[in-house]
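Please keep the sequence and the structure in view while reading.

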Amino acid sequence: MTTKPTIHCLGLLVGLGVLASAPVAVGQGVVPVEQRHAFTAGELPMLMDVEINPFDTRGGRYELLNVRMDVFADVLTNLTAENDAAEPAPGFAVVITGFAAARVEDFAAFRLLNRMYFTSGVEASDGIPGSGPDFWDFGRVSAPTHAWRETVAIPSPFTGEDTIDVMVALEAEYHVFGTLLGTVTTGEDLCHGELVVTYNYAVVCPGDVDGDRQVGLTDLLGVLAAWGECEGCDADLDGDGEVGFTDLVSVLGTWGVDCRE
Ligand SMILES: [Ca+2]
Ligand SMILES: [Ca+2]
Ligand SMILES: [Ca+2]
């Protein structure tokens with residue numbers, strides 16, 4: 001078996017963008033809020049810093065419980081392989097190995113990439129590169145992978161004022177399998193995916209708008225005064241970008257609660 005990693009992605013980093021950042025669910029238990037960052041590259045190994053926002057405690061009203069990082073990645077290429085040995089190769093295949101990873105300080109998500117593309121067998125080398133019964137064109141192939149990790153303790157790198165650099169890495173190599181001698185070619189490589197960072201938090205004192213750790217008249221007045229679209233306001237208790245019925249219900253539903261003990 002001959003190993004011949006041949007990745008020739010065209011061009012360098014093509015693009016990186018933030019797709020969305022919004023609360024996913026609402027409730028008085030654990031609430032997840034997601035940040036999604038798409039990445040695209042034309043060269044492997046891919047190594048890039050993706051900037052994410054730290055968790056917003058909203059002045060101590062939200063408590064971060066844990067963090068989950070997911071990397072969904074895919075590597076696509078036009079794949080061919082050829083048997084260069086004098087013997088036929090009935091089990092001729094191509095193995096794709098590599099990994100996807102994301103890391104912030106000592107918190108990392110990591111997943112090995114391991115995918116196999118089989119053939120129904122090829123003949124002994126005919127001495128003519130790029131064609132013949134010893135040659136296999138797999139077409140456009142894909143090697144998707146999903147790495148993820150969830151913290152169990154309070155994740156200090158994710159709180160604070162500064163944006164956070166997540167290092168995202170992606171690597172793939174192609175090897176022939178089932179022969180002593182072979183050649184792999186790849187073309188028009190594309191590496192792309194998405195980093196998803198999820199902050200799971202709890203509302204420290206649900207219904208408390210003014211932050212005095214009690215729920216009462218001032219909180220009700222706070223909701224009524226800020227009624228309507230209101231991004232990031234204290235009265236937007238469920239964090240959906242507007243002060244409305246659900247926020248009112250949250251105050252009324254926790255009326256008289258004292259969270260100071
Ligand atoms: Ca040939
Ligand atoms: Ca209050
Ligand atoms: Ca709201």
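Two residues are taken to be in contact if their C-beta atoms, placed from the backbone, lie within 7 Å. In that sense, the buried residues of helix 2 pack against helix 1 and strand 12 (242-243). The model is a predicted one, and the points below are grouped by topic.

**Overall make-up**

- The chain holds two helices and 12 strands, and along the sequence these elements follow the pattern β-β-β-β-β-β-β-β-β-β-α-β-β-α.
- Of the 261 residues in the chain, 31% are buried.
- When contacts between residues at least 6 apart in sequence are considered, 76% of them join residues at least 24 apart.

- Strands of a sheet pair through backbone hydrogen bonds, and the pairing may be either parallel or antiparallel.
- In this model, four strands form an open sheet in the order 3-8-5-6, and their pairing is antiparallel.
- Strand 3 (46-52) and strand 6 (107-118) stand at the edges of this sheet, and because each has a single partner strand, one side of each is left without a neighbour in the sheet.
- On average, and with direction ignored, neighbouring strands of this sheet are turned by 15 degrees against each other.
- Strand 5 (residues 93-104) pairs with strand 6 in the antiparallel sense over 12 bridges, and V95 is the residue that stands opposite M116 of strand 6.

**The surroundings of V168**

- V168 belongs to strand 8 (residues 164-177), and it counts as buried because 26 C-beta neighbours lie inside 10 Å, where 20 or more other C-beta atoms are required for that label.
- Leaving aside residues up to four places away in sequence, V168 touches F39, M48, V50, V71, A102 and L195.

- The buried residues in helix 1 are D219, G222 and V223, and seen down the axis of helix 1 they fall within an arc of 95 degrees, so they line one face of the helix.
- What covers the buried residues of helix 1 includes strand 12 and helix 2, whereas the face of helix 1 turned away from its buried side carries the exposed residues L217 and A225.
- The buried residues in helix 2 are D247, S250 and V251, and seen down the axis of helix 2 these likewise fall within an arc of 95 degrees, so they line one face of that helix.
- As background to these one-sided patterns, an α-helix has 3.6 residues a turn, so residues three or four places apart point the same way.

**Backbone details in the loops**

- Most residues other than glycine have a negative phi, and most peptide bonds are trans.
- A cis peptide bond joins L44 and P45, with omega at about -5 degrees, and P45 is found in the loop between strand 2 (30-41) and strand 3.
- E105 has a positive phi, near 50 degrees, and is a residue other than glycine; it is placed in the loop between strand 5 and strand 6.
- E105 counts as exposed because it has 12 C-beta neighbours inside 10 Å, and the exposed label applies at 12 or fewer.
- With 15 other C-beta atoms within 10 Å, R213 is partly exposed.

Key. Residues are numbered from 1 along each chain as its sequence is written. Chains are lettered from A and ligands numbered from 1 in the order in which they are written. This is a predicted model: local features need pLDDT of at least 70, side-chain atom pairs count only at pLDDT 80 or more; totals for chains, interfaces and linings use all residues. Two strands pair if DSSP finds at least two bridges between them. Axes are lines fitted to C-alpha atoms, for helices over the stretch in contact, and angles run from 0 to 180 degrees between N-to-C directions. The arc is that of the directions from the helix axis to the C-beta atoms.
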